[in-house]
Amino acid sequence: MKLFRKELEELSCYVPGKPLEEVMESYGLTKVVKLASNENPLGPSPLAIEAIREEAPHVHLYPDPEARALKRALGLELGVEPEQILLGNGGEATIQLVAASVIERGDEVVVPDPGFSLHEITAAHMGGIVRRVPLLEDYSHDLEGMLRAVNDKTKIVYLTNPNNPTGAMVNKMQLEDFASRLPQEVLLFLDEAYFEFAKIDPNYPDGLEILKTRKNTIVLRTFAKVCGIAGLRLGYIVSTPEIICEISKSAGVFSVNRLAQVAGLASLKDKEHVERSVALARASLSRMMEYFDSKGLEYIPAKGNFIFVNIKEEGRRINQELLKKGVIIRPGFLWGWDSWLRVSCGTMENTELFIEALDGLI
Ligand SMILES: Cc1ncc(COP(=O)(O)O)c(C=O)c1O
């Protein structure tokens, strides 16, 4: 008798960005610039750091399983009821929970290709069949193609906005049209991990508006990116109280730790930190775009805190050479886009170090 579930045989794992420590150790480096996981180069809000310090002596106690204070504050911030929120150990945990709660063997999901691979991995894990819809020639989501890929077995359509790794955005009109034409029984999973960065564009749609009229909708957001607490693992989904209640049944009891709860609460209060984080991301990516323009390199206009660029070279080699120089990026071959790199925003100093390192190689 086989020990492991059949689905695991063919499942490929999510490949995360290389940790700083690993690259330092492997290449004997003392300074490493990590622009690989779309983290916040500003770090956490000082208010979050203070809250973590204050909470540290209490970590012998289990956290509030309901995370009531954080959910109340988040509900007020988003204009939803606390019952509409499910917090998780990172947004990734909520992605897993959704697939685990919804997908049965043979059910189908639709994803953009390339897209955030955790969506399809978690669905395939549950025995789901993944329908990948390639992007259009201009690198935008093929929304018509995604609608065509839906059939009576489709349970979830994942739409990441802005998309990861491309950074391209679906606008308000497009999303409203898409959401209204997607059969109502299909769950629309709107992954808005980069919401705060994208919303400076007036045409960027707020998924919570879609949720108001289309009930089978889930919106994902995270504290990992703009709030700079990726290491604490805190993300969430918002939907109807009924959907959240069902999905919560498979969530662990104490899945959001004490430090994450207080840091999340403090981060919500620090609007200035959010503004500074968004401004830094824009400045860093603008500098990169200026450099790419000077080199005649094609890139996709970035709506998140990262940029996808075609360096017209063998990306694996460039990736290795960059690693030797202590620069970690995400090579596009992971998505089958060999000559592309996904580069996260950095401090202005690290942005220059990346440009300098790349300039020596192309
Ligand atoms: C599109 C997208 N969704 C969800 C996540 C998960 O975020 P986290 O688990 O760090 O909250 C990420 C992280 O990189 C992402 O890029």
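Predicted model: local features only at pLDDT ≥ 70, side-chain atom pairs only at ≥ 80, totals over all residues.
Visitor: Which residues of β8 point the opposite way from Gly-235 and Ile-237?

Guide: In a regular strand, side chains alternate between the two faces of the sheet. In β8, Gly-235 and Ile-237 point one way, and all the residues on both sides are buried. Pointing the other way are Tyr-236 and Val-238.

Visitor: Let's move to α3. Why do its buried residues sit on the same side?

Guide: The buried residues of α3 (68–78) are Leu-70, Lys-71 and Leu-74. They share a side of α3 because the arc they cover around the axis is only 95°.

Visitor: What does that buried side pack against?

Guide: First, the other face: turned away from the buried side, α3 carries the exposed residues Arg-68 and Leu-76. The buried residues, in turn, pack against β2 (85–88), β8 (235–238) and α11 (258–269).

Visitor: Which residue follows α3, and what is its phi?

Guide: Past the end of α3 you'll find Gly-79. Its phi is positive, near 75°.

Visitor: Now the ligand. Which residues around it are the closest?

Guide: The shell has 13 residues. By class, four are nonpolar, seven polar and two charged. The closest are Gly-90, Gly-91, Thr-222, Ala-224 and Gly-235.

Visitor: How far apart are the C-alpha centres of the two domains?

Guide: The chain is divided into domain 1, made of 6–43 and 272–359, and domain 2, spanning 46–270. Their C-alpha centres lie apart by 23 Å.

Visitor: Which element gives the largest share of the side of domain 1 that touches domain 2?

Guide: Across the boundary, 26 residues of domain 1 are in contact with 28 of domain 2. On the domain 1 side, the elements giving two or more residues are β10 (306–310) and α12 (271–295). The largest share, six residues, comes from α12.

Notes. Residues numbered from 1 in each chain as written. Buried ≥ 20, exposed ≤ 12 C-beta atoms within 10 Å, placed from the backbone. Helix = DSSP H or I, 4+ residues; strand = E, 2+ residues; numbered from the N terminus. Arc of directions from axis to C-beta. Contact = placed C-beta atoms within 7 Å. Near = placed C-beta within 6 Å. Nonpolar A, V, L, I, M, F, W, Y, C, P; charged D, E, K, R; others polar. Domains from an automatic or database assignment.
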